[in-house]
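Grab a pencil and work through these exercises with the structure open beside you. Try each task before you read its solution.

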Amino acid sequence: MYKFVFLDLYGTLLDIHTDEASPEPWEALYAYLLPYSGGNHSSGADAEDSGAGIHSPENLRQRFMAREQRETELALAGTGNGSLPGSAVPVDGAAGHPEAALRDGKDASQIEIDIAEVYTGIFSDMGISAETVSGEHLLVRAPTVFREASRQWIRIFPGAADFLMALRKKGLTTVLASNAQELYTDKELEGLKPFLDRVFLSSRIGYKKPSPAFFEHILQCTGAAPGETVMIGNDSVCDIRGAAGAGIDGIYLDTGGTGDLGNADSTAGTAETDNGTCRSSAQEPQAVLSVHGADYQAVYDFIAGRSL
């Protein structure tokens, strides 16, 4: 009998498309940060050869990716800012008490960094003081500028909120389980937060789907048992096979590839794909139910039938 429902976000509850490979978001971020810079944005061959500062949107992109790689290496080594413990993010948005997410024996495809550290490094590279970062709320505003410039559309799937309400009315606990960066996702989640009992993001946990450690962390934090839990998602690898690796049933929503499918978590900490780790497939042999599109009624009927 199901008591807990774990839910993917992008492509499952939210329809979104972003393009972080395009120059526009990097141009927007560079233009936004430039007025705050302390001078480490010189142009010309000397600046480029020395590697000092950030002197163009393309240089910003390259530096961002290099810092991401460095944070991942630190996380794998279990040292530095890249090895922060994971935690649950309550519905009200305030971080809960951190709970360790051990990384022993894991590889880069399972690790999730928190890009707050990457942005902090970028601010330093551009000569932006800590006082300015704090006073101007740059750690909130700069990621918002980047995300909005990369985002082509976003909407809550029709019926998603009603579906979540119906699950809760049935007595089920709704838990978001998303490969996502809090700096980007917190604002995009505002319309759904009232209908979620708990929110877990990979950037807070330190692991990402399909790692069993991602699911095991959430099971431990919520007190859910695998046999009482079902995972709903639109990715057959991350959501269905990943959940199965932790002993959790999976329901597959074939939403036609909606979500951040043009992105990778290792590129500017995008919302929800796994840099080649997750690949959706037309075949979901491990799913207990597969539906075409965001057919929440069919999913609810199935879950309700197993929750009596």
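**Exercise 1: two helices side by side**

At what angle do helix α7 and helix α12 pack, and how far apart are their axes?

*Solution.* Keep in mind that you're looking at a predicted model.

Step 1. Find α7 at residues 160–169 and α12 at residues 296–305. Their packing angle is about 10°, and the axes are 10 Å apart.

Step 2. Angles under 35 degrees count as roughly parallel, so α7 is roughly parallel to α12.

Step 3. See who touches whom. From α7 come Ala 160, Phe 163, Ala 166 and Leu 167, and they meet Tyr 296, Val 299, Tyr 300 and Ile 303 of α12.

Step 4. Sort the contact residues by class. You get 8 nonpolar residues, no polar ones and no charged ones.

**Exercise 2: what hides α12?**

Which residues of α12 are buried, and what covers them?

*Solution.* 

Step 1. Pick out the buried residues: Tyr 296, Val 299, Phe 302, Ile 303 and Ala 304.

Step 2. Check one of them. Ala 304, found in helix α12, has a relative accessible area of 12%. Buried means under 20%, so Ala 304 is buried.

Step 3. Look for the cover. It includes α7 as well as the strands β1 (4–7), β7 (229–233), β8 (249–254) and β9 (287–292).

Step 4. Ala 304 and Ala 166 are 138 residues apart in sequence, but C-alpha to C-alpha they are 9.7 Å apart in space.

**Exercise 3: into the core**

Which residues of the largest nonpolar core touch the most other members?

*Solution.* 

Step 1. This core has 32 residues, and the ones touching the most other members are Leu 13, Ile 232, Ile 251, Val 299 and Ile 303.

Step 2. Ask which elements build the core. At least two residues each come from β1, β2 (14–18), α7, β6, β7, β8, β9 and α12.

Step 3. Zoom in on Ile 232, skipping its neighbours within four places in sequence. Its contacts include Val 5, Phe 6 and Leu 7, along with Phe 163, Ile 251, Leu 253, Val 299 and Ile 303. Asp 8 and Thr 12 are also in contact with Ile 232.

**Exercise 4: charged partners**

How many salt bridges does the structure hold?

*Solution.* 

Step 1. The total is 17 salt bridges. Why can such pairs form? Because side chains of opposite charge can pair when their charged atoms come close.

Step 2. Start with Lys 3 and Glu 228, whose side chains meet at 3.5 Å, N to O. Lys 3 sits in the segment before β1 and Glu 228 in the loop between α10 (212–222) and β7, so this pair ties together parts that are 225 residues apart in sequence. Lys 3 is partly exposed at 38% relative accessible area, and Glu 228 is partly exposed at 24%.

Step 3. Next, go to Asp 197 and Arg 168, where the closest N and O atoms are 2.8 Å apart. Asp 197 lies in the loop between α8 (182–188) and β6 (198–201), while Arg 168 belongs to helix α7, so the pair ties together parts 29 residues apart in sequence. Asp 197 is partly exposed, with a relative accessible area of 27%, and so is Arg 168, with 33%.

Step 4. Now try Asp 249 and Arg 306, a salt bridge with its closest N and O atoms 3.9 Å apart. Asp 249 is in strand β8 and Arg 306 in the segment after α12, 57 residues apart.

Step 5. Finish with a network of salt bridges, which links Glu 20, Arg 147, Arg 151 and Glu 188.

**Exercise 5: a crossing pair**

At roughly what angle do the axes of helix α1 and helix α3 cross?

*Solution.* 

Step 1. Locate α1 (residues 23–33) and α3 (residues 57–77); their axes cross at roughly 100° and come within 8 Å.

Step 2. Name the arrangement. Angles of 65 to 115 degrees count as roughly perpendicular, so α1 is roughly perpendicular to α3.

Step 3. List the contacts. Trp 26, Glu 27, Leu 29 and Tyr 30 in α1 meet Pro 57, Leu 60, Arg 61 and Phe 64 in α3.

Step 4. Sort them by class: 6 are nonpolar, none are polar and 2 are charged.

Notes: Residues are numbered from 1 along each chain as its sequence is written. This is a predicted model: local features need pLDDT of at least 70, side-chain atom pairs count only at pLDDT 80 or more; totals for chains, interfaces and linings use all residues. Side-chain values use heavy atoms; hydrogens and water are left out. Axes are lines fitted to C-alpha atoms, for helices over the stretch in contact, and angles run from 0 to 180 degrees between N-to-C directions. Helices (H or I, at least four residues) and strands (E, at least two) are DSSP runs, numbered from the N terminus. Angles under 35 degrees count as roughly parallel, over 145 as roughly antiparallel, 65 to 115 as roughly perpendicular and the rest as oblique. Contact means heavy atoms within 4.5 Å. Ala, Val, Leu, Ile, Met, Phe, Trp, Tyr, Cys and Pro count as nonpolar, Asp, Glu, Lys and Arg as charged, and the others, Gly among them, as polar. Buried means under 20% relative accessible area, exposed over 50%, partly exposed in between (1.4 Å probe, protein chains only). A salt bridge is a side-chain nitrogen of Lys or Arg within 4 Å of a carboxyl oxygen of Asp or Glu. A nonpolar core is a set of buried Ala, Val, Leu, Ile, Met, Phe, Trp, Tyr and Cys residues joined through side-chain atoms within 4.5 Å.
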